[in-house]
Amino acid sequence: MIALRAGGRIAADRSQQVAAGLLWLLAAALVLGLALPLAAILGKALTGDDGRFAGLAQFAAIVGEARFWDAVSNSLAVSLTTTMIVLPLAYVFAAALTRTCMPAKPLFRALALTPLLAPSLLPGIALVYLFGNQGLLKAWFPDGSIYGFWGIVIAEVFFTFPHALMILVTALSVADARLYEAATALGAGRIRRFVTVTLPAARYGLISSALVVFTLVIVDFGAPKVIGGQYNVLAVEVYKQVIGQQNFPKGAVIGMLLLLPAVLAFVIDHLLQRRQRALLTARAQPLVVRPQAWVDVLSTVACAAIGGALLVIIATAVAAAFIRLWPYNLSLTLAHFDFDNMDGGGWAAFYNSMKMALATSVIGTLMVFGGAYLAEKTRAAPVARQLLKLLAIIPMAVPGLVLGLGYILFFNNPANPLHFLYGSMTALVLCSVMHFYTTANLTATTALKQLDAEFEAVAASLKVPFWTTLWRVTLPVCLPAMLDIARFYFVSAMCTVSAVIFIYTPDTVLASVAVLNMDDAGDTAAAAAMATLIVAASALICLVFSVASWWLSRRTQAWRIR
Amino acid sequence: MNRDWQATGAVIDALRVERVAKRFGAFTALDGVSLSVKKGEFLCLLGPSGCGKTTLLRIIAGLEAASDGALFMAAGDAERDVTRLPASQRDYGIVFQSYALFPNLNVAQNIAYGLKGRREDKDLRVTALLAQIGLPGIEHKYPSQLSGGQQQRVALARALATSPSLLLLDEPLSALDARVREHLRREIKSLQQKLGVTTVMVTHDQEEALTMADRIVVMNHGVIEQIGTPEEIYTRPANRFVAEFVGQSNWLAATSAGIGQVLLGDALLGATVTPPRPDGHPLELFIRPEDVQLHASWSPVEAQIVNTALAHVRKIELLGGFYRIALSVPGWGGQQLLADVVRSEFERLNLSLERMVPVSLPANRLRAFGPSTGAAA
Ligand SMILES: Nc1ncnc2c1ncn2[C@@H]1O[C@H](COP(=O)(O)OP(=O)(O)OP(=O)(O)O)[C@@H](O)[C@H]1O
Ligand SMILES: [Mg+2]
């Protein structure tokens, strides 16, 4: 009799071999598109001008500069102020959406989420038109004071509001009605209930959204670039070092430092989420909200004010795109869309963006979903699976600017056999896929986890290879999640500036980059026009996706109806 | 019962598990488990939660690799080593506790999932299987439109569709309510007998194991405590764990006193003591409540019956079809003794709390185990 030694393995059948091959392929793609570029930054930051190992000498040099500390304190001031403004606003909005009987909730929700369709440059441009030197309301910010701290803060509030809102809505929707009943029965008043029940339950949501907002602001360079004036922040500093002065080591060092807050926020959030799970017991009773006239009216007023402000900003940018010469000649024109006769990339930039967003959407969805599926549902190649899971959470903590910098340093190295990819559409797509990987992967994993874990075991017992089950069961069931991922990828790729600003070439210039360049060149109206196009394309795609999911769910999700 | 395999003589086992062990890191989930399943047999793996039943079943299925040991399955007239064979190359059907029906496929598509060949053949097979499980005409329903019991049977039909030589069931009835469960026990058992398919079922419900199995494997903490027919397991449990896990039991502290004799209180009683113990060795006497006999009168005839004494009646409890009487026998050290008495018998006995009643413990049902939680060995 053969007594196998400990740790016996089961031989892999053909489908498991295929799965293992694909897993290694995906892991390799993440190593190439994420791990190696990040390693390249670290390498650069630690290497001196002479190409020798410099240790932390360059960090020390930069930390010694007063200019650096100015940027640090400015970045912190902007990020903290924005967080403190966004949080209460988003909380009120989220509470109104989840805990009141306010009318027209879907409308308010859609309005609050529109900033997601725009690059962070758009609010900056709108603010120029509202409060800038020629602004309609320039009296509010006399002497061009909008260019600086407050301009950045207002633009970032606009940009980060929907992110905070989504987290808080999720946190507030999981209230346990039993706790409120208990508190009321014990005689707790409205305020006591808020402090003892609502706040503790929403605590993690509040912290989580604060971290997200803080990180988004500190790594964003779109808004400060457009409206920041002389107010120097870290993200812009990286850009200036790399693009303006071609000082890669210095850019790399500041990039590494920029990674710190993002990584820190990510780690804190991760730890908190682990603790939050216990909060949601399976026996929680959903809270039923009852109409309460004064609360509902107040909520409507507050949401209308917030939503109105967001709308004014978008509308200003859109209006500026169609107005001949703000504010002197308000007649309408399409002249600002004549991109081909201006600097910045022309219409080609817009088509490039569409191409890039489409490719990112398709490739990203396939890659993320394939990776999540193989990692969750197969048992092949354990090492590759672990590697894939680990690499998938890293992009969340990496600012786009840093990733983009990694791409130049890695792909633009003549010694790299992949050098030919530098500046190509392929590199742009790969960079965008990586940049937004974590969020997409989370959506895919959540959807996959809802499927019975034994489907694959049943299929194996019936001698059906995994790809058949993937095609016939997993994909159809996860179709709504896949559409979500595809839409997210498209819109994100359309709007991103920071991830691509370092790696486009004149042939692959993108719409969001064109906005930046045209604004830089002083052609603000054209920049507004291009930003408007981006919003329009994103909105159109969202619409297409909504229709598609409605149609597909009618065709393929019939089984959901009981 | 399906006992064809006994008549044929020296046929090989459908499945043989040889000293299989499974370790998860430092934790040992299975520790040298050996058993065999005969062709056509219905074997139940019975044990408390966490004892490793599912792990063993998954190793048999090839969904989990054994850390040690070997597995053999019958292939024609020979036996082949399947220890390292992937799940897709073993020949079995499986039903999970969750059923794992594909939610977006209708019943017919679910059942035909593993079938190959022409469409018409598949349809015929599906129709035949649905008739067999007693659910004709539900081909076009989706799983969410079926009751739990119906889903369970569809999952069974799917597992049987490819006519596997081995059927594995992991707590197939535990998600159902009591009445459906009882009904399905009979259904599954009779279908299994009709098809003669070798079956291994995991359960932690002793009643389920006793009513369905040809043989039961009682497991605890990753080892096998006893293998035997339901009758053997119930009437001749190998140790205290098995005796307590299956059915009700009385436990009386006693000491050994010669071959086939024990000292209980001041009385010498006849009992089955295996293996024999030195005199004075502490023992625990085991007898099932329904094996305790009560007598209507105390006459010289009763006094002659072995292991008989007078008992106080402490409590009378009606439990549906029978009464459970709590007794204490002064002559046997006054320990509490439970006796189950069917209603007709109860009326004849005319019991009351004021009167004493003669009680006997039949020597062949009175079994002695070593003390502590260990086995009788
Ligand atoms: N993948 C795993 N990693 C670590 N421990 C495991 C794993 N799978 C099972 N175990 C442990 O092995 C033991 C046996 O598990 P198993 O699922 O076989 O129990 P079971 O007898 O089926 O119990 P139940 O009746 O609760 O289903 C348990 O203690 C369990 O915690
Ligand atoms: Mg189990």
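Which residues lie around ligand 1?

1. In this predicted model, the residues around ligand 1 are B:Phe24, B:Phe27, B:Ala29, B:Ser49, B:Gly50, B:Cys51, B:Gly52, B:Lys53, B:Thr54, B:Thr55 and B:Glu171. By class, four of these are nonpolar, five are polar and two are charged.

2. Oxygen atoms of ligand 1 are approached by both side chains and backbone: a polar side-chain atom of B:Ser49 lies 2.5 Å from one oxygen atom of the ligand, an N or O atom in the side chain of B:Thr55 is likewise placed at 2.5 Å from an oxygen atom, and a backbone N or O atom of B:Cys51 lies 3.2 Å from an oxygen atom. Taken alone, ligand 1 exposes 640 Å², of which the protein buries 59%.

3. Strand 2 (27–37) and helix 2 (53–61) of chain B are the elements that give two or more residues to the shell around ligand 1, and helix 2 of chain B provides the largest share, three residues.

4. Turning to the interface, 34 residues from chain A and 44 residues from chain B take part in the contact. The area buried between the two chains is about 3,400 Å², with carbon and sulfur atoms giving 57% of it; A:Ile10, A:Leu462 and A:Trp559 supply 19% of the area that chain A buries against chain B, more than any other three residues.

5. Across this interface there are three salt bridges and eight residue pairs in polar contact. B:Arg58 and A:Glu454 meet through their side chains in a salt bridge, at 3.3 Å from N to O. The side of chain A that touches chain B has 20 nonpolar, five polar and nine charged residues.

Definitions and conventions: Residues are numbered from 1 along each chain as its sequence is written. Chains are lettered from A and ligands numbered from 1 in the order in which they are written. This is a predicted model: local features need pLDDT of at least 70, side-chain atom pairs count only at pLDDT 80 or more; totals for chains, interfaces and linings use all residues. Side-chain values use heavy atoms; hydrogens and water are left out. Contact means heavy atoms within 4.5 Å. Buried area is the accessible area (1.4 Å probe) that two parts lose on being put together, summed over both. A salt bridge is a side-chain nitrogen of Lys or Arg within 4 Å of a carboxyl oxygen of Asp or Glu. A polar contact is a pair of N or O atoms within 3.5 Å; within protein, one must be able to donate a hydrogen and the other to accept it, and residues adjacent in sequence count only if both atoms are side-chain atoms. Ala, Val, Leu, Ile, Met, Phe, Trp, Tyr, Cys and Pro count as nonpolar, Asp, Glu, Lys and Arg as charged, and the others, Gly among them, as polar. A residue is near a molecule or strand if one of its heavy atoms lies within 4 Å of it. Accessible areas come from the Shrake-Rupley method with a 1.4 Å probe; for residues, only the protein chains shown count as cover. Helices (H or I, at least four residues) and strands (E, at least two) are DSSP runs, numbered from the N terminus.
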